[in-house]
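Colleague: Could you walk me through this one? I am new to it and would like the overall picture before the details.

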Amino acid sequence: MELVVSRMSIDKEFAFRDLANSHIDDLGEGVDGIFRTNVMDVSIGDFDAKFKMVTKTISRVNHSYRPNMLYIFDLPTFSLHLHAVRPIASGEELTISYVPPLTTSSERASLLQSRYAIPPCTLPCCTSSITDTFRTSLQTKSTDLQNRLTTLQTRIKRTIQTVLVTGSKNPNTPDELANIRKVYKNAQALIREMKKYGLEACEEYARVVYTAAWCIFALSLDPRDGLRMTDAKVKKFRVWAVRVLRVHFGEEGEIYKSLVDQNRMFGIV
């Protein structure tokens, strides 16, 4: 590792050696400790493996259990990009999560302590058993909603085609309408809970948003849906959903492209 760093340009070597080192006391003095403290796990393209990266700027971004940013590897530029996952106030510090957010508080605390020498958090969002239960069950809840959406998507696509071709005002049967409405309400409830716990940077958050976006479009095409949402509100939600998916999956992501294509069919850009 020392040899690799010594072959960097002078400015890059200086920037690397200037990064924090949390491992001086456990034989991590020098470049090895700096690397272990600042390395970031990234996914590249379709590779299943995780890659390691230390960056000049993003490695300096601090950790938060309620991060407002998400980092994504951009293959064309071979660099990490930071994306906001929620509105950020003027003067608010930009933060990311150093640890998998859906693990238990004890697991997160252990990793933060051992890798970054960050002491355990005492805030309720990190110590509450309710928080742990919600975080660890989130993946199951998200997957269940997506599975239910998959069974409805054929029906929703047919609904959209019916409206486009015939102009029908009642394209769903009462049972179909009830099922779509139930999935939509469950998705919205889960979105609210994830925002409450600051989990907008999770992939599961984006997938639940995707589920809600599909449902809200199908419901908005049927005057019996009971949502009473104006065209402007539907458009606002769908445009927001597209932004969420672009942040999490990039413009080449399949679910991002499917939602964009669906929006374009109805003139939503």
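**A first look**

Modeller: The chain has an accessible surface of about 15,000 Å², and 55% of that belongs to carbon and sulfur atoms; such areas come from the Shrake-Rupley method with a 1.4 Å probe, and for residues only the protein chains shown count as cover. This is a predicted model, in which local features need pLDDT of at least 70 and side-chain atom pairs count only at pLDDT 80 or more, while totals for chains, interfaces and linings use all residues. Residues are numbered from 1 along each chain as its sequence is written, and side-chain values use heavy atoms, with hydrogens and water left out.

Colleague: How many helices and strands does the chain have?

Modeller: The chain has ten helices and six strands, taken as DSSP runs (helices H or I, at least four residues; strands E, at least two) and numbered from the N terminus.

Colleague: And what percentage of the residues is buried?

Modeller: Of the 269 residues in the chain, 42% are buried, where buried means under 20% relative accessible area, exposed over 50% and partly exposed in between (1.4 Å probe, protein chains only).

Colleague: Which cysteines are buried, for instance?

Modeller: Cysteine 202 counts as buried because its relative accessibility is 3%, and cysteine 215 counts as buried at 0%.

Colleague: How many disulfides turn up in the whole structure?

Modeller: A search of the whole structure finds zero disulfides, a disulfide being a pair of cysteine sulfur atoms within 2.5 Å.

Colleague: Changing topic, what about the backbone of phenylalanine 78?

Modeller: Phenylalanine 78 is not a glycine, yet it has a positive phi of about 50 degrees, whereas most residues other than glycine have a negative phi. Phenylalanine 78 sits in the loop between β4 (69-74) and β5 (79-84), and it counts as exposed because its relative accessibility is 57%.

Colleague: And where is alanine 117 found?

Modeller: Alanine 117 is in the loop between α4 (105-116) and α5 (124-127); it too is not a glycine and has a positive phi, of about 60 degrees. With a relative accessible area of 42%, alanine 117 is partly exposed.

Colleague: Last one: which helix gives the largest share of the lining of the second largest pocket?

Modeller: Helix α9 (residues 231-249) does, with five residues. The lining of this second largest pocket includes Ala84, Lys195, Trp240 and His248, and its residues divide into seven nonpolar, one polar and four charged.

Methods. 1 Å grid on protein atoms, 1.4 Å probe; cavity = no way out; pocket = protein on both sides within 12 Å on 5 of 7 lines; lining within 4 Å. Nonpolar A, V, L, I, M, F, W, Y, C, P; charged D, E, K, R; others polar.
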